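Visitor: I am new to this structure and would like to be walked through it. Could we begin with the whole chain and then turn to its parts?

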Amino acid sequence: MSSTINGAGPLLRAVGLSKHFPLESSLLASLRGAEARTVKAVEAVSLDVYAGQTLAIVGESGSGKSTLGRLLLRLTRPTAGRVLYKDKNIFSMKRGELRAFRRQAQIILQDPYASLNPRMRVGRIIREPLDIYREGSRAERDRRAHMLLERVGLTSAHARAYPSELSGGQRQRVGIAAALALSPEIIIADEPTSSLDVSVQAQTLNLLSELQRDFNLTYVFITHDLGVVQHFSDRVAVMYLGRIVEEAPTEALFAAPQHPYTQVLFSAIPLPDPTRRVNWDLPKGEPPSPLDPPSGCHFHPRCPKVMTACSAIEPPLKATGPARRVACLLFEAEADLPQTKGD
């Protein structure tokens, strides 16, 4: 993976990031004579986020995308690994440093109805971050809240409304305005369009693109839908059962997805032309449980291109082109691998 883009290093970097969630205590596990069971939600993830760009993180539900997003913001602590913001580990930041980081890194959540306080009017919701950081006078904070409302396509009149009085798309715009209140550098957008109608999704994506341009924002865009990110992201990282299996510039990924799992995701994108067909093979069986993932390559039980070695060897994430990485034994040297295909 390249350490710079256009000579600039990453704004945010994950290094060997893992998060395991225990399902029982070690005492209970000892009583049944076994090791404590854990879910490895994120496992040894390393990736870079560059200023002014959009990195999309894509995968099925349960792949660890949202957990990774929370780790990048220090909303949860990792089992292992680091997150570097401008080369400073956010998990070792002191109180003052963490407070400064919090204002520079914000989040847009998936469900705006659940994430907005139903007892607070919209104006106060947007003003709350400014109140916490004591930005200017009360009148100045109100003016900024009203300005942000208008910037996201609402009106000052919406400031007196409660979230329950707004549509889903309007509530998501309120969440976006609240995330912008402190003028952050980076925003983690956790499936911000998944609960919206298709037409409203397009409007929201267009709004996010405009805001990125106007406010010089950096996005980490989390979604399960590859079709959403084609015209929105600069780079895409594909996750499967807690691991990144492919990372590439968006144009290169859409031109030629390399990992069999990525090809499966592409096969699920609806095509506007009914005469066109995608020739990629479909996966076998059901997704495995994250509580008991397969050995070797986690995708091998479902992979249409599986080889004998796939069940024993965990493929490393290796460079296969400019700014491109793939974790698949198909890209290892042929002399190093058995040539027999599995069933």
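**A first walk through the chain**

Guide: In this predicted model, buried residues make up 47% of the 343 residues in the chain.

Visitor: How many helices and strands does the chain have?
Guide: The chain is built from both kinds of element. The count comes to eleven helices and twelve strands.

Visitor: What share of the contacts between residues at least 6 apart in sequence joins residues at least 24 apart?
Guide: The contacts considered here are those in the chain between residues at least 6 apart in sequence. Among these contacts, the share that joins residues at least 24 apart is 64%.

Visitor: How far apart are the end C-alpha atoms of helix α7?
Guide: Helix α7 covers residues 168-180, and at 1.5 Å a residue its 13 residues should span 18 Å.

Visitor: Is α7 largely enclosed or exposed, and how many of its residues are buried?
Guide: The buried residues of α7 include Arg171, Gln172, Arg173 and Val174, and what covers the buried residues includes β6 (105-108), α6 (138-151) and α8 (198-215). The helix is largely enclosed by the rest of the structure, because the number of its 13 residues that are buried is eleven.

Visitor: Which parts of the chain does the aromatic pair of Tyr240 and Phe299 tie together?
Guide: By the rule used for ring pairs, the count comes to seven aromatic pairs. Tyr240 and Phe299 form one that is edge-to-face, with 5.2 Å from centre to centre and 85 degrees between the planes, and both residues are buried. The two lie 59 residues apart in sequence, so the pair ties together strand β9 (residues 235-240) and the loop between α11 (260-267) and β11 (318-321).

Visitor: Which residue lies over the face of Tyr133?
Guide: The residue in question is placed at 4.3 Å from the ring centre of Tyr133. The residue over that face is Arg99.

Visitor: How far from Cys303 is the nearest cysteine sulfur?
Guide: A disulfide requires two cysteine sulfur atoms within 2.5 Å, and by this rule the count comes to zero disulfides. Cys303 is therefore in no disulfide, and the nearest cysteine sulfur, that of Cys328, lies at a distance of 6.3 Å.

Visitor: Is Cys303 buried or exposed?
Guide: Buried means under 20% relative accessible area. Cys303 has 8% relative accessibility, so Cys303 counts as buried.

How values were computed: Residues numbered from 1 in each chain as written. Predicted model: local features only at pLDDT ≥ 70, side-chain atom pairs only at ≥ 80, totals over all residues. Heavy atoms only, no water. Helix = DSSP H or I, 4+ residues; strand = E, 2+ residues; numbered from the N terminus. Expected span 1.5 Å × (residues − 1). Buried < 20%, exposed > 50% of the residue type's maximum accessible area, 1.4 Å probe, protein only. Contact = heavy atoms within 4.5 Å. Phe/Tyr/Trp six-rings, centres within 6.5 Å; stacked < 30°, edge-to-face > 60°. Lys NZ or Arg CZ within 6 Å of the ring centre and 35° of its normal.
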